[in-house]
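The points below concern how the two chains are arranged and how they touch.

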Number of protein chains: 2
Amino acid sequence: MGDSLTESRTEPAMPAPGGRLGTASRTPAGTPDGRGPIGTQRDGRPPPAEEHEAVTLLERARAEVDPVLRAALGTLPAPMRRVALYHFGWEQADGSPADGASGKAIRPALVLAAASALGGPEARAGAAAAAAAVELVHNFTLLHDDVMDRDATRRHRPTAWSVFGDADAILAGDALHALALRLLAEDPHPVARAAAARLADCVIELCAGQHADTALEGSVPGEVTLAEVLAMAEAKTGALLGSACAIGGLYAGASDDEVAALDAFGREAGLAFQLIDDIIGIWGDPRRTGKPVGADLAARKKSLPVVAAFVSGTPASAELAELYARPSEKEDLDHIAATVERAGGRDWAQIQAADRMARAMQQLARAVPDPEAAGGLLALAEFVTRRSS
Amino acid sequence: MGDSLTESRTEPAMPAPGGRLGTASRTPAGTPDGRGPIGTQRDGRPPPAEEHEAVTLLERARAEVDPVLRAALGTLPAPMRRVALYHFGWEQADGSPADGASGKAIRPALVLAAASALGGPEARAGAAAAAAAVELVHNFTLLHDDVMDRDATRRHRPTAWSVFGDADAILAGDALHALALRLLAEDPHPVARAAAARLADCVIELCAGQHADTALEGSVPGEVTLAEVLAMAEAKTGALLGSACAIGGLYAGASDDEVAALDAFGREAGLAFQLIDDIIGIWGDPRRTGKPVGADLAARKKSLPVVAAFVSGTPASAELAELYARPSEKEDLDHIAATVERAGGRDWAQIQAADRMARAMQQLARAVPDPEAAGGLLALAEFVTRRSS
């Protein structure tokens with residue numbers, strides 16, 4: 001169900017310099033900044049102001065939410081606590097302390113930024129438990145997804161199931177899910193109930209997204225439509241980013257319209273992220289991604305650019321179908337990547353990503369018309385979609 | 001995490017006649033009814049009034065809760081809905097209708113009976129969503145437990161994972177879990193938030209119980225203590241029965257003391273049930289249990305009577321240790337059962353079950369002093385612990 005935002009293909013600790021998405025931007029005045037289209041190599045210039053802002057926002061969110069998370073995890077019975085603390089990167093498998101590669105806290109930062117954007121510091125302070133609940137839900141889905149997908153690595157460490165076994169990873173996920181909803185049930189804020197309902201709905205959508213992902217991977221590439229794979233990505237990646245923003249809005253007393261716009265903002269940004277992540281998965285620099293070149297192609301993954309190439313009806317798409325049907329060999333991968341590109345998969349994904357980001361900006365303007373107030377959400381959206389090729 | 005109350009070893013559709021637990025009883029005046037100790041063969045007399053009452057209560061609970069459950073399941077995305085409707089016994093694997101072997105609805109019946117006992121018909125009517133939420137949690141844990149335990153059969157049908165695969169069974173479980181908490185988040189009743197917090201806590205305890213169960217099965221029998229196995233049974237079986245009663249009490253506006261007593265009542269009754277279920281697992285009649293003779297012994301299960309036998313320090317316990325260490329062969333099973341009995345495992349379990357049921361009755365009297373009002377809860381407790389040998 002979870003996406004890979006906390007296990008990004010680029011190094012998460014310090015953002016890479018340069019390159020902002022070529023879409024509406026707070027400064028300078030909503031035009032592309034000319035540092036090249038999505039997915040091009042960075043130029044080594046120092047990071048723009050928004051990037052600094054995003055890093056600051058993420059660090060601040062961690063500082064506000066981590067104590068709530070640690071206190072909540074501390075209430076778990078020992079067996080689930082052990083798995084959870086390992087998964088969060090706060091303990092080694094043997095229970096000794098670890099210095100937390102617990103993800104970038106993008107979702108809690110979105111909750112707090114949305115609350116702050118529409119309700120100021122007071123709303124932000126009131127949303128800490130909700131921000132922690134969103135992060136718990138995200139991590140519950142990661143624990144379960146890793147079991148289902150047999151993924152061996154998460155955040156540069158062995159996945160929980162590969163260390164503790166399937167049963168304990170499933171149980172730890174169930175416990176984090178319950179803990180998330182308990183945090184909201186115990187939250188005295190009057191909107192906590194609405195937030196809980198929204199988060200529960202989101203979990204169900206995440207389940208549908210994970211199901212669709214699994215089903216797509218088992219299907220014949222030529223039979224998958226772009227609509228299907230976009231819907232899957234929205235459910236799997238966009239839904240929780242949207243819910244994070246929407247829940248933040250609830251804590252600011254936002255109107256239904258504002259909450260809906262915040263949800264749409266997060267969803268569109270999530271789709272933009274997924275498109276760019278998929279581009280990097282094919283054409284990314286392995287020194288930056290930490291994955292071997294063309295790992296997604298080697299796994300015959302039906303990522304968004306690949307499906308776009310398949311359905312393009314070009315001569316290259318027929319060639320791609322042949323290549324994808326063959327057993328994977330390392331020397332094929334550059335050729336497959338070039339074929340996806342010739343079939344238009346790379347261009348389509350780049351245009352789609354820019355389009356989704358533009359829509360995200362429109363929704364943000366609808367939800368938070370004041371550009372100053374919207375700055376934090378904008379910076380976070382640009383941060384998650386800023387990826388090197 | 002779930003226990004086997006909905007997949008009981010006796011036929012669940014119509015309760016067997018005779019035999020009530022030899023403990024405090026509403027009528028006749030709190031003494032054993034003389035129809036033999038727990039676990040003896042029934043005498044074929046018509047069922048007592050409480051048994052009729054329990055069946056009526058269970059049918060009524062089904063009638064009140066099923067519409068809520070069906071409506072809730074109807075909101076799930078198709079892939080999760082399909083697995084859920086199969087698991088509930090309402091659809092075949094191909095999606096065609098099935099006539100629902102969806103369990104006995106003991107937990108929702110307890111929620112409604114507790115609400116009714118302390119708050120009358122109005123409280124009962126207000127607790128329908130909570131009763132459905134409890135049943136959803138129960139079924140979510142069954143779906144996940146079956147994956148972890150690789151159990152192939154549930155309610156006389158192939159388990160969801162064996163039909164739909166692990167991933168879909170895990171996802172359907174996650175979706176039911178979310179649905180349970182959404183029902184409570186959307187419930188306008190003022191106690192819904194407290195009920196949600198309690199249910200979330202219960203899920204965490206169920207997780208701990210399932211973990212302990214898995215860990216116990218992997219341990220050396222002689223190193224397991226009775227305290228450990230009783231704590232496991234309480235977490236795995238007692239916790240949700242207790243929560244069901246406590247949540248019913250919340251909807252009746254019960255005091256903290258009354259809610260605590262209702263919780264303890266359900267826990268003790270749950271432990272009594274588990275003890276009796278374990279007795280039946282060893283000495284039960286396979287024509288009634290639907291399982292081969294000594295299936296628990298063949299699986300070298302560390303059930304409560306077996307652990308009691310192991311720790312008895314008798315010559316028979318040493319003999320049992322040898323027998324349990326040997327590979328299982330059918331001809332051994334009667335001998336193993338006799339050895340457990342000689343080591344005092346059967347007697348201990350019977351006495352414990354009676355003691356737990358007596359404690360349950362004490363807690364019930366504390367929570368609901370009026371015997372007339374307590375009748376429904378008493379009948380349900382006796383129903384779940386009424387098992388033939």
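1. A salt bridge is a side-chain nitrogen of Lys or Arg within 4 Å of a carboxyl oxygen of Asp or Glu. Between chain A and chain B of this predicted model, the count is 2 salt bridges. In one salt bridge, the side chain of A:Asp201 meets that of B:Arg182, at 2.4 Å from N to O.

2. Polar contacts also link the chains: 11 residue pairs, both residues at pLDDT 80 or more, are in polar contact between chain A and chain B. On the side of chain A that touches chain B, at least two residues each come from helix H2 (78–87), helix H4 (128–149), H6 and helix H7 (192–217) of chain A. H6(A) gives the largest share of that side, 12 residues.

3. In total, 35 residues of chain A contact 35 residues of chain B. The area buried between the two chains is about 3000 Å², and carbon and sulfur atoms give 75% of this area. A:Arg193, A:Ile204 and A:His211 supply 20% of the area that chain A buries against chain B, more than any other three residues.

4. Helix H6 of chain A covers residues 166–185. Because 19 of its 20 residues are buried, H6(A) is largely enclosed by the rest of the structure. At 1.5 Å a residue, this helix should span 28 Å, and its end C-alpha atoms are 29 Å apart, which agrees.

Terms used. Residues numbered from 1 in each chain as written. Chains lettered and ligands numbered in written order. Predicted model: local features only at pLDDT ≥ 70, side-chain atom pairs only at ≥ 80, totals over all residues. Heavy atoms only, no water. Helix = DSSP H or I, 4+ residues; strand = E, 2+ residues; numbered from the N terminus. Expected span 1.5 Å × (residues − 1). Buried < 20%, exposed > 50% of the residue type's maximum accessible area, 1.4 Å probe, protein only. Contact = heavy atoms within 4.5 Å. Buried area = accessible area lost by both parts, 1.4 Å probe. Polar contact = N/O pair within 3.5 Å; in protein donor to acceptor, adjacent residues only side chain to side chain.
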